[in-house]
Structure formats: C-alpha cells, structure tokens
Amino acid sequence: MAAILDSLCPPATSTATYHRAVAGATHRCGLSRNCSIPNSSCPFPSSSVSETRQETKAFAVPRRRMMGLLLSGFIFTEFNLPNAFAQTSSVFREYIDTFDGYSFKYPQNWIQVRGAGADIFFRDPFVLDENLSVEFSSPSSSRYKTVEDLGPPEEAGKKVLKQYLTEFMSTRLGVRRESNILSTSSRVADDGKLYYQVEVNIKSYANNNELAVMPQDRVVRLEWDRRYLSVLGVENNRLYELRLQTPEKVFQEEEKDLREVMDSFRVNKV
C-alpha cells in the first residue's frame, strides 16, 4: 500500500480569471506542473476543496504498518504528521477462548474465517496465504502432562514437519516438495509454562506440462515458498498448537509482528 501526500495550488491563469474564481462559491483547484503560485501562498487548502484533480506523489509504506495507521485513525496535518509516522507500529487484538483454554494476539486488520477446519482461523485480507490457526488434541484420545511428552524440541520439530507434509500431500503428477526445519527452541513464558517453537520452510515445485513425453517439455517451476511457525503447549491434558503460515518474502517484511504473535500464545486451565 502507499500513503498519498497531496499539495494543491490554483492553475496558472490570468489575473482577472483568478479573482473571479476566488469570488465564486465553488473553486475547482487543478494541479499543474506550470503552476505560477507557490504552494505556501495557495489560498485553497486541500481540506476546503471538494473536487480536485491532483497529481500525487506516493511513497511506499509496509502494508501492515499502513493498515495500522489507517485503523488507528491518524489524521495527516502539518502539526501531527511526523508523530503519525513515528507511531506506525502494528496494532494487535487479543483473542481469548475461555471454553477451550487458550489465547493469543493477532494483527487487528486480520479477519476471522469460519469453516476452515481449525478451532479458530484468522487470515490477512490482502495476502490470503498469510494466516494463523489453533488446533488441539482431544483429551479422550491423549493424556499430555507437559510439552516434553513430545521429546526434546528437535524431536517435536520432526513431528511437526511430518504433519505438515502429510497435510500437503498432493496426488498431482509432477509435484515435488522440498522441506527444511529452520529452527526449534523452547521457552518458559510468563505464565510459568513450557512452550516449544518450531519453524520450517516448505517449497512446492510442479511441472508446467506433466503429461509431456519429452523431458525438455516438462519445465519445473516454483509454485510457492512458505514459512510455517508453530508454538506448542500443553494444558488440560491437551496438546495445543498455534500455527502461522506466511509466504517467505512476506515473512522477511513482517517477522517482528509474526514473532510477537508467537510469543503471545498461552494455554489456560479450564
């Protein structure tokens, strides 16, 4: 996304025409490259012009930062513009499930999607491949006491990756998946509970013409390249898992925000 800053000034015109426009009830201010009046002396500020033709200059702002800026209701004026950009950190909401016993923070512009198969599912409305979900085991089929029942973090990482690859298994011809465990770690959160964190990367490749007879006609292309981040915790005899999925390129831009979501995950006694 981009934020747009505009400056308005009247077009170059004759003195008589200019004064008639000032006296009129409505003035249409058209921005011209040959404007003869400097911006500082323009008598028509942008807030008073209802219909304008503007030549704009845009500068890029990270997508989520810009959404946080807009949703926070900042107003760009000459007095608070510097402060507005100084406060463009992402804004989060907290989701608390008191029935199933977990909570986490998520970017406030993400939307909830129902019927996605998980207990809860949120996604970025602009990057549909960026989402989060929470799943947990049934207490009737598992009796977890601690996340260490999965073994050390490295073993838990292997199990998480295996589960992802099973879910993404494809029956299409010519599809190949490459996977890699990027990191595994453990931490004790402020609630005194132990959590595991697992990060994996999975790439999917496919032939553009898997039925072609000649090998040179079967060109392999990258379908997607994604980062998967999981946080595992145990409470209520259940294994809980927070899952974050994001394209690898988006992760590089939003790593700080995604790690804040990971660090916010808590499992609670019910």
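Modeller: Buried means under 20% relative accessible area, exposed over 50%, and partly exposed in between, with a 1.4 Å probe and protein chains only. This is a predicted model, in which local features need pLDDT of at least 70, side-chain atom pairs count only at pLDDT 80 or more, and totals for chains, interfaces and linings use all residues. Residues are numbered from 1 along each chain as its sequence is written, and side-chain values use heavy atoms, with hydrogens and water left out.

Colleague: What makes the contact of D263 with R187 a salt bridge?

Modeller: A salt bridge is a side-chain nitrogen of Lys or Arg within 4 Å of a carboxyl oxygen of Asp or Glu. The closest N and O atoms of D263 and R187 are 3.9 Å apart, so the pair meets that definition. D263 lies in helix α5 (residues 248–264) and R187 in strand β10 (residues 175–188), so the pair ties together parts that are 76 residues apart in sequence. Helices (H or I, at least four residues) and strands (E, at least two) are DSSP runs, numbered from the N terminus.

Colleague: Why is R187 called buried?

Modeller: The relative accessible area of R187 is 18%, and buried means under 20%, so R187 belongs to that class.

Colleague: Which salt bridges does R243 form?

Modeller: R243 meets E167 at 2.8 Å, N to O. R243 lies in strand β13 and E167 in helix α4, so this pair also joins parts 76 residues apart in sequence. With E241, the closest N and O atoms of R243 are 3.4 Å apart. Both R243 and E241 are buried, whereas E167 is partly exposed, at 36%.

Colleague: How do you know that strand β6 is largely enclosed?

Modeller: Of the 6 residues of β6 (residues 102–107), 5 are buried, so the rest of the structure largely encloses this strand.

Colleague: How many bridges join β6 to β14?

Modeller: There are 2 bridges between β6 and β14 (residues 266–267), which run antiparallel; at least two are required, so these strands also pair. Y102 stands opposite V267 in β14.
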